[in-house]
Amino acid sequence: MIFSTEKIRKQFPIFSKKMKNGKKLIYFDNAATTQKPISVIEREMHFYKYEYSSIHRGVYYLSDKATEIVEEVRKKVANFINAKSNREVIFTKGTTEGINFLANTLGKFLKKNDTIISTIAEHHSNFVPWQILSKKKNIDLKLVSILKNGNLDYKDFLSLINSRVKIVTIAHISNVLGKINPIFKIIKKIRKKRKDIIIIIDGAQSIAHQKIDVQKLDCDFYVFSAHKMYGPSGLGILFGKKKLLKNISPWEFGGAMVRSVSLKKTTFQEFPWKFESGTTNISGIVALGESIKFIKKIGIEKIINHEKNLFKYALEKFKNIKDIKFYQNYESDCYIGIIPFNIKEYNSYDIGLLLDKFGIAIRTGHHCAMPLMSFFGVSGMCRVSFGIYNEISEIDYFISKIEKIRKILL
């Protein structure tokens, strides 16, 4: 398929509508969530109209069919990330629930003075659960810092690997800086030192912007959300290696995940179904299957190249504007289309509100990464982040408005 931004944009209804301010939307908040193509929207609507039923429990045709559709999507996800088995794919409510699941299940195996390693650049979803666990069980949570140029302190990371380390949990890509962490190199070094350390990767920012192969990565768990890959909200994926899932007990309990219940004993289904308690987001799972189809039809390599071109173009344009403050030096190609910035010391919220007047949507504030904000000595940042439907002309318009805002403020 030839990559055509014009054709792609036509698949997203939101871009045909004017916003409240009378402007057409320029959406630069893709790191927070992505817009949905019509194929994903219509697939979910069709399921609700003609195929909806509870799954795994009915003996009638509609239930059997819905179950079949959901399990086919599980296979699609496994194929998309190159898992060995579709049984290594667990449906969750999102990345946040996936990480909380791991903190609450793996945490049972940890003892006083065991060590968890993470970084100061993590999203709160991959920080707070481990912080709470460390306080609850008197576990040592060690946080790798970053260098002044925004890169992860790789040497510091490796120096922390010792006999007490049980879990390493790190984002594949920073949701603030857009930096692609060297996780291949990190995992390889960790495995060389210690094969028994459990490695968790937060893939929320990478799933729609990188080709993911969990077997090549050799991580133990990989978590991400559907809404960041042009899919539905309220749905996530937790990939886990079979050998580990076998030994983990469920965290939440209820219907669907049980095999039998008596007054004195409960037995559970096999994994992954024993981890999917209650009625899952069935329609969301169906829609996720369509979003994977959408991404694969375009081609992940074409998506990567398009977003890289947008990123480089925006960066060059930004550099021509005075008083713009960056938070990394971009000396390598290890970035996706995320650019955090500020205009001098002006509040990021003010910049975001002014841009909204021109129909431009960006993210402002602490980006659920307060420890990282503290490191840079700011309360918040502006952040632009690109997706497959963004265009060069949008960047030109955005840059012209940033220049105008800078002149107004100064």
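Which residues of E7 are buried on one side and which on the other? Phe221, Val223 and Ser225 lie on one face of E7, and Tyr222 and Phe224 on the other, all of them buried (under 20% relative accessible area, with exposed over 50% and partly exposed in between, for a 1.4 Å probe and protein chains only). The model is predicted, so local features need pLDDT of at least 70 and side-chain atom pairs count only at pLDDT 80 or more, whereas totals for chains, interfaces and linings use all residues. Residues are numbered from 1 along each chain as its sequence is written, and side-chain values use heavy atoms, with hydrogens and water left out. Helices (H or I, at least four residues) and strands (E, at least two) are DSSP runs, numbered from the N terminus.

**Strand E7 and its partners**

- Strand E7 (residues 221–225) has 5 of its 5 residues buried, so it is largely enclosed by the rest of the structure.
- Strand E6 (residues 198–202) pairs with E7 in the parallel sense over 3 bridges (pairing requires at least two DSSP bridges between two strands), and Asp202 stands opposite Val223.
- Strand E8 (residues 236–240) pairs with E7 in the antiparallel sense over 5 bridges, with Tyr222 opposite Phe239.

**The four-stranded sheet**

- An open sheet of 4 strands has the order E11-E12-E15-E14, with antiparallel pairing.
- Strands E11 (324–326) and E14 (363–365) stand at the edges with a single partner strand each, so one side of each is left without a neighbour in the sheet.
- E14 and strand E15 (residues 381–385) are joined by 3 bridges, and Arg363 has Arg383 as its bridge partner.
- Helix H12 (residues 348–357) lies across E12, E14 and E15, at about 155° to E14 (angles run from 0 to 180 degrees between N-to-C directions, and axes are lines fitted to C-alpha atoms, for helices over the stretch in contact).

**Packing of H11 and H14**

- Helix H11 (residues 300–318) packs against helix H14 (residues 392–409) at about 20°, with the axes 10 Å apart.
- The two helices H11 and H14 are therefore roughly parallel (under 35 degrees; over 145 is roughly antiparallel, 65 to 115 roughly perpendicular and the rest oblique).
- Residues of H11 including Leu310 and Phe318 meet residues of H14 including Ile392 and Ile399.

**His367**

- His367 is placed in the loop between E14 and helix H13 (370–376), and counts as buried at 7% relative accessibility.
- Leaving aside neighbours within four places in sequence, His367 is in contact with His123, Asn175, Val176, Met373, Met381, Cys382 and Arg383 (contact means heavy atoms within 4.5 Å).
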